[in-house]
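Please walk me through this protein chain. I would like the overall layout, then the core, then a look at individual helices.

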Amino acid sequence: MRAWLFAFFILGTTAAYAADESQVQLRDGPGRELVRNNCATCHSLDYIQMNAPFLDRKGWEAEAGKMINAYHAPIDKDNIAAIVDYLTRHYGAPSSPASDSAAPGGR
């Protein structure tokens, strides 16, 4: 049993080490460093890319709220707007025409 637990531990730590976060490249733009510095403290940045097809501005706002309120992410509230702007601009799903007309500048 001990040998099995030791092997499991070694494999688990090796896999975590192999998950090289530097391979995830966020798109360049204002707010990228805020996203990298705040989001990567709790989860992999590839979550952003995986969720991009599903989240428009309202979705990213809800995700940011969930991270802060449910998971207690240590994000400065003054940075939320810039983070959501970056995620919407670079990883936002197309929104419906009705919500595009309500937002200044479209998306």
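Here is a short briefing, grouped by topic.

This is a predicted model: local features need pLDDT of at least 70, side-chain atom pairs count only at pLDDT 80 or more, and totals for chains, interfaces and linings use all residues. Residues are numbered from 1 along each chain as its sequence is written, and side-chain values use heavy atoms, with hydrogens and water left out.

**Overall layout**

- The chain has 6 helices and 0 strands; helices (H or I, at least four residues) and strands (E, at least two) are DSSP runs, numbered from the N terminus.
- From the N terminus on, the order reads α-α-α-α-α-α.
- Of the 107 residues in the chain, 26% are buried. Buried means under 20% relative accessible area, exposed over 50%, and partly exposed in between (1.4 Å probe, protein chains only).
- The accessible surface of the chain is about 7,500 Å², and 61% of this belongs to carbon and sulfur atoms. Such areas come from the Shrake-Rupley method with a 1.4 Å probe; for residues, only the protein chains shown count as cover.
- Among contacts with a separation of 6 or more, 62% join residues 24 or more positions apart. A contact means heavy atoms within 4.5 Å.

**The largest nonpolar core**

- A nonpolar core is a set of buried Ala, Val, Leu, Ile, Met, Phe, Trp, Tyr and Cys residues joined through side-chain atoms within 4.5 Å.
- The largest one holds 18 residues, and Leu26, Val35, Ile48, Trp60, Leu87 and Tyr91 touch the most other members.
- Helices α2 (32–39), α4 (57–69) and α5 (80–91) each give two or more residues to this core. The most come from α5, with 5 residues.
- Leu26 touches Arg32, Val35, Arg36, Leu45, Ile48, Tyr86 and Tyr91, leaving aside residues up to four places away in sequence.

**Helix α2**

- Val35, Asn38 and Cys39 are the buried residues of α2.
- They fall within an arc of 85° seen down the axis of α2, so they line one face of the helix. The arc is that of the directions from the helix axis to the C-beta atoms.
- Their cover includes α3 (46–51) and α5.

**Helix α4**

- Gly59, Trp60, Ala64 and Ile68 are buried in α4.
- The buried residues of α4 pack against α3 and α5.
- At 1.5 Å a residue, the 13 residues of α4 should span 18 Å, and its end C-alpha atoms are 18 Å apart, which agrees. The expected span is 1.5 Å times one less than the number of residues.
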